[in-house]
Amino acid sequence: MKKLANKLLRQNIGKGQLAGFILANILGMTIILTAVQFYFDVVPLFTKGDSFMRPGQIIIAKRVSTLTSLTGKAPTFSQEETEEIGRQSFTTAYAPFTPSQFDVFATIGSRKLGMEFSTEMFFEAIPDKFIDVDLSQWKYEPGSDELPIILPRNYLNLYNFGFAGSRGLPAISEGLVKAVGIHLILSGTAARKEMKGHVVAFSKRLNTILVPQNFMDEMNRELSPDRSTSPSRIIVEVNKTADENISKFLSDNNYDTESTDADAARTASLLKTIITLVGTTGGVITALAFYVLLLSIFLLLQKHTDKIDNLLLMGYTPKAVGKPYNRLALTVNTLALVVSLALCALARQHYLPRFGELYPKFEAYTLVPAIAAGLIIFALTSILNHSAIRRKIINVWHMHKTPPASTKT
């Protein structure tokens, strides 16, 4: 029986036809696996703290008018106003800036180094998810005297290209600022505290001096428990920076905004759309290839219904009769999986170096997503092939076992 079934396959599925099935499966699966792997590889460009393609963000503040200045009323947000911002259709996440309710006096450098600067400053804090830098050193232990600080990059640029140049002072690099410690004196209404600060990163987007949220909450309670901490700015992560509802909402409520990296956000959205389209195209091609292969096997079974029926009547089970056809489908699926994974790995060698150029700290994901997706597709198609072939053979068997209806004369 095995030789007979194999002979039927060889006679009715030509080499060109079989090659077409295999190539179609390889093409479809390669597109799917590459799209899945590309998505996981590109995730760090969207999610890492200092990625250039984080989701769009805007910073909302109340507009300062002449009347506000004369009355001396602080332009802060109430709880209701903050929650209203969070309910907007364009908002995906939001958080208020927590201001320091204590005075900050900082001394940078030392006289021994020949460079010492002292100034009053301020601190603000927001949740880590909104910060656009590497957070590996961004950690504060409650009660510690060591404080990590994030400065805006434009502060350093203003000093180097404005203040230092006009005063004949040397320019300062980011590395030097990170290496030099900062002596901090924090003074509130209830207590005073001295600490050592160090700059861990420079932000491109956030125009403020940031400290960890848990430090800010602790110091506000400890140094100035009697002061209010109403926020004056709200950071909002938006789904589309070009959404017209944003400008309408800001105008209706007399708010100002500071948009951040709108072009990068639109690029990120476009890239996600492209990945989805490519993956969908691969899925369609794979589905069509699977359907054509299955249809050809069905036609082959239908053409040899009598011979299959004879084999069944001879005592062979539907499983045994369908085994050569299942083996053919399994061979095609296995070959498609192996070749597709190889092509996916080859494609990664071309685009991963470009990711490294865009994001120097980029770390490539493993090939696990593509392998997992390939095994899932392989398992599904194999199960569907086996089930469809078995059902077809059983239908043929039942059709020929059923005696013809008696006719009346």
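Among contacts in the protein between residues at least 6 apart in sequence, what percentage join residues at least 24 apart? The share is 81%, where a contact means heavy atoms within 4.5 Å. The structure is a predicted model, in which local features need pLDDT of at least 70 and side-chain atom pairs count only at pLDDT 80 or more, while totals for chains, interfaces and linings use all residues. Residues are numbered from 1 along each chain as its sequence is written, and side-chain values use heavy atoms, with hydrogens and water left out.

The protein has twelve helices and eleven strands. These elements are DSSP runs numbered from the N terminus, with helices being H or I runs of at least four residues and strands being E runs of at least two. Of the 409 residues, 42% count as buried. Buried means under 20% relative accessible area, exposed means over 50%, and partly exposed lies in between, using a 1.4 Å probe and protein chains only.

Next come the aromatic rings. A search of the whole structure finds six aromatic pairs. Rings of Phe, Tyr and Trp (its six-membered ring) pair if their centres lie within 6.5 Å; planes under 30 degrees apart count as stacked, over 60 as edge-to-face and the rest as tilted. Phe249 and Tyr255 form an edge-to-face pair, because their ring centres are 5.9 Å apart and their planes are at 65°. Phe249 is buried at 6% relative accessible area, and Tyr255 is buried at 4%.

Elsewhere, the charged end of Arg233 sits over the ring of Phe97, at 4.3 Å from its centre. A charge sits over a ring if NZ of Lys or CZ of Arg is within 6 Å of the ring centre and within 35 degrees of the ring normal.

Charged side chains also pair with each other. A salt bridge is a side-chain nitrogen of Lys or Arg within 4 Å of a carboxyl oxygen of Asp or Glu, and the count comes to eight. One of them joins Lys248 and Asp252, 3.0 Å from N to O. Why are Lys248 and Asp252 separated by about one helical turn? They are four residues apart in helix 8 (residues 244–252). An α-helix has 3.6 residues a turn, so residues three or four places apart point the same way. Asp252 is exposed, at 53% relative accessibility. Another salt bridge links Arg192 and Glu194 at 3.4 Å; Arg192 is exposed at 53%, and Glu194 is partly exposed at 42%.

The last stop is the largest pocket, with a volume of about 560 Å³. On a 1 Å grid over the protein atoms alone, a pocket is an open set of points with protein on both sides within 12 Å along at least five of seven lines, and lining residues have an atom within 4 Å of a point. Grid points are joined across faces, edges and corners, and the volume is the space filled by probe spheres set on the points. The pocket is lined by 20 residues, of which Ile108, Phe117, Thr119, Leu151 and Tyr159 lie nearest its centre. The largest share of the lining, six residues, comes from strand 5.

How values were computed: On a 1 Å grid over the protein atoms alone, a cavity is a set of points where a 1.4 Å probe fits but cannot get out, and a pocket is an open set with protein on both sides within 12 Å along at least five of seven lines; lining residues have an atom within 4 Å of a point.
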